[in-house]
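Biologist: I am new to this structure. Could we look at it together, please?
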Amino acid sequence: MDIQKLLLTQNMFSRPGKKLESAKGIAIHWVANAGSSAAANRNYFESLKNQSPNDPAARYASAHFVIGIEGDIVQCLPLDEMAYHAGAKTYKPEAITAFGHYPNNCAIGVELCHPDASGKFTGDTFAAASALARGLCDKFALRPAENIWTHHQITGKNCPKRFVDHPDEFETFKACCD
Ligand SMILES: [Zn+2]
C-alpha cells in the first residue's frame, strides 16, 4: 500500500500537536466536495492555519488520511497525534461509551473522496480505504465490525452520506477490512 506523507504544519486549527491517547476506533468520512482530490483536501486542512485565532467563525478540521478517487492515499497527521474530524456539541451515547466524551482524543480519521454529489465511492477508493483500515485495525488491535465507525454513528452528522444512505455498503466495507 502506497501512502504519500504530506504532514500538515503544526497549527491550532488542523494539527494541534496533541497526543492521541490511544486509537480506540476509526471514523470514516466523505470529503463532501465532489470531484476534489486527496491532495486538495489535505491542502484545505493546511490552509486553515491562515485563519485568525480571534475569528469566532474559524474552522477546525483535519483527518489522519485522505483517500482519492483513484485509491491514492495521503497521510496528513502522524498516527500518534489528534486530528479534528469528529468533534460535535453532542455525541451519540454508544459513541461516548466507546470513545469517551471527546472522541477526537482516540479516533483515527479517514476521509474518502468521491466523484459526484451522491457520495458514491469509486471501487479504487473503497479498496484503498478498506486496505488502509485493515492495516490500522491490525496495528491497534481493533476489530473492524466493532471499531470502525461512520462519522454519522458518532455524532449524527450525514457523513459519509453514501454509507448513511446505504448502510449495507458500510457493512460490506467493514467486512472487507476483516
Ligand atoms: Zn465526517
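This is a predicted model: local features need pLDDT of at least 70, side-chain atom pairs count only at pLDDT 80 or more; totals for chains, interfaces and linings use all residues.

Biologist: How many helices and strands are in the chain?
Modeller: The chain has seven helices and six strands. Starting at the N terminus, the order of the elements is β-β-α-β-β-α-β-α-α-β-α-α-α.

Biologist: What does the C-alpha trace span along its principal axes?
Modeller: The C-alpha trace spans about 45 × 35 × 30 Å. The chain has a radius of gyration of 15 Å, which agrees with the value near 16 Å that a compact globule of 178 residues would have.

Biologist: And what share of the residues count as buried?
Modeller: Of the 178 residues, 49% count as buried. As for the surface, the chain exposes about 8300 Å², and carbon and sulfur atoms supply 51% of that area.

Biologist: What part of the contacts comes from residues 24 or more positions apart?
Modeller: Among contacts with a separation of 6 or more, such residues account for 74%.

Biologist: Let us turn to the metal. Which residues coordinate the zinc ion?
Modeller: The zinc ion is coordinated by ND1 of His 29, ND1 of His 151 and SG of Cys 159, at 2.0 to 2.2 Å. Along the sequence, the spacing of these donor residues is H-x121-H-x7-C.

Biologist: Are His 151 and Cys 159 buried or exposed?
Modeller: Both His 151 and Cys 159 are buried. Cys 159 has a relative accessible area of 4%, and it counts as buried because the limit is under 20%.

Biologist: How many disulfides does the structure hold?
Modeller: The structure holds zero disulfides.

Biologist: Now helix H1. Which of its residues are buried?
Modeller: Helix H1 covers residues 38-47, and its buried residues are Ala 38, Asn 41, Arg 42, Phe 45 and Glu 46. They lie on the same side of H1, because they cover an arc of only 150 degrees around the axis.

Biologist: Why would residues three or four places apart point the same way?
Modeller: An α-helix has 3.6 residues a turn, so residues at that spacing point the same way.

Biologist: And what covers the buried residues of H1?
Modeller: The cover includes strand E3 (65-67), strand E4 (73-75) and strand E5 (107-112).

Biologist: Where is Ile 67, and what does it contact?
Modeller: Ile 67 is in strand E3, and it is buried, with a relative accessible area of 0%. Beyond its neighbours within four places in sequence, its contacts include Ala 38, Ile 73, Val 110, Leu 112, Ala 129 and Leu 132. Val 31 is 36 residues away along the chain, and its C-alpha atom is separated from that of Ile 67 by 9.4 Å.

Biologist: What does Phe 173 touch?
Modeller: Not counting residues up to four places away in sequence, Phe 173 touches Ile 28, Phe 126, Ala 129, Ser 130, Ala 133, Ile 148 and Phe 163.

Notes: Residues are numbered from 1 along each chain as its sequence is written. Side-chain values use heavy atoms; hydrogens and water are left out. Donors are N, O and S atoms within 2.8 Å of the metal (3.2 Å for Na, K and Ca); water is not among the atoms, so sites may look incomplete. Buried means under 20% relative accessible area, exposed over 50%, partly exposed in between (1.4 Å probe, protein chains only). A disulfide is a pair of cysteine sulfur atoms within 2.5 Å. Contact means heavy atoms within 4.5 Å. Helices (H or I, at least four residues) and strands (E, at least two) are DSSP runs, numbered from the N terminus. The arc is that of the directions from the helix axis to the C-beta atoms. The radius of gyration is taken over C-alpha atoms; the globule rule is 2.2 Å times the number of residues to the power 0.38. Accessible areas come from the Shrake-Rupley method with a 1.4 Å probe; for residues, only the protein chains shown count as cover.
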